[in-house]
Amino acid sequence: MRVDEFYDATAPVAWRLARCLHETAEEAQEAVVRAYHELLADPAALQHPRARTHLLALLTQHARAPLAPLPLRAG
């Protein structure tokens, strides 16, 4: 499967999941981009039979990641 075919087949579901997991559209968009980028970093990823499931798992995993602590401000 080519990247553009994979994106066309998975983008609607990935977007809906991201919108459910994030408060703003901007956060959801960032999560979708990050998940696709992480998945497609492996050239063989699209050949795996569970590539779509892996993409959705990445979206869920990132949503559950704890927030980094904010730096303390002096003053």
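Biologist: Which exposed residues sit on the face of H2 turned away from its buried side?
Modeller: That face carries Glu26, Val33 and His37. Keep in mind that this is a predicted model.

Biologist: And which residues of H2 are buried?
Modeller: Ala28, Ala31, Val32, Ala35, Tyr36 and Leu39 are the buried ones. They share one side of H2, because the arc they cover around the axis is only 125 degrees.

Biologist: OK, what covers the buried residues of H2?
Modeller: The cover includes helix H1, residues 3-21, and helix H3, residues 51-64.

Biologist: How far does H2 itself reach?
Modeller: H2 runs over residues 25-40, which makes 16 residues, and spans 22 Å from its first C-alpha to its last. That is close to the 22 Å expected at 1.5 Å a residue.

Biologist: How much of the chain is buried?
Modeller: Of its 75 residues, 25% are buried. The accessible surface is about 5,900 Å², and carbon and sulfur atoms account for 58% of that.

Biologist: What about contacts between residues at least 6 apart in sequence: what share joins residues at least 24 apart?
Modeller: That share is 60%.

Biologist: Now the nonpolar core. Which residues touch the most other members in the largest one?
Modeller: Phe6, Tyr36, Leu39, Leu55 and Leu59 do, out of 16 residues in that core. H1, H2 and H3 each give two or more residues to it, and H2 gives the most, with 6.

Biologist: Pick Leu59. What is Leu59 in contact with, leaving aside neighbours within four places in sequence?
Modeller: Leu59 contacts Ala14, Leu17, Ala18, Leu21, Ala31, Val32 and Ala35. Of those, Ala31, Val32 and Ala35 are among the buried residues of H2.

Biologist: Switching to rings. How many aromatic pairs are there?
Modeller: The count is 2. Phe6 and Tyr36 make an edge-to-face pair, 6.3 Å centre to centre with 80 degrees between the planes. Phe6 belongs to helix H1 and Tyr36 to helix H2, 30 residues apart, and the pair links these distant parts of the chain.

Biologist: Are Phe6 and Tyr36 buried or exposed?
Modeller: Phe6 is buried, with a relative accessible area of 2%, and Tyr36 counts as buried at 8%.

Biologist: What about the rings of Tyr7 and Tyr36?
Modeller: Their centres are 5.3 Å apart and their planes are at 55 degrees, so that pair is tilted. Tyr7 is in helix H1 and Tyr36 in helix H2, 29 residues apart. At 45% relative accessibility, Tyr7 counts as partly exposed. Ring pairs link Phe6, Tyr7 and Tyr36 into a cluster.

Biologist: One last thing: where is His22 found?
Modeller: His22 is in the loop between H1 and H2.

Biologist: Buried or exposed?
Modeller: His22 counts as buried because its relative accessibility is 15%, and the cut-off for buried is under 20%. Leaving aside neighbours within four places in sequence, His22 is in contact with Glu27, Ala28, Ala31 and Ala63. Ala28 and Ala31 are among the buried residues of H2 too.

Technical notes. Residues are numbered from 1 along each chain as its sequence is written. This is a predicted model: local features need pLDDT of at least 70, side-chain atom pairs count only at pLDDT 80 or more; totals for chains, interfaces and linings use all residues. Side-chain values use heavy atoms; hydrogens and water are left out. Helices (H or I, at least four residues) and strands (E, at least two) are DSSP runs, numbered from the N terminus. The expected span of a helix is 1.5 Å times one less than its number of residues. Buried means under 20% relative accessible area, exposed over 50%, partly exposed in between (1.4 Å probe, protein chains only). The arc is that of the directions from the helix axis to the C-beta atoms. Contact means heavy atoms within 4.5 Å. Accessible areas come from the Shrake-Rupley method with a 1.4 Å probe; for residues, only the protein chains shown count as cover. Rings of Phe, Tyr and Trp (its six-membered ring) pair if their centres lie within 6.5 Å; planes under 30 degrees apart count as stacked, over 60 as edge-to-face and the rest as tilted. A nonpolar core is a set of buried Ala, Val, Leu, Ile, Met, Phe, Trp, Tyr and Cys residues joined through side-chain atoms within 4.5 Å.
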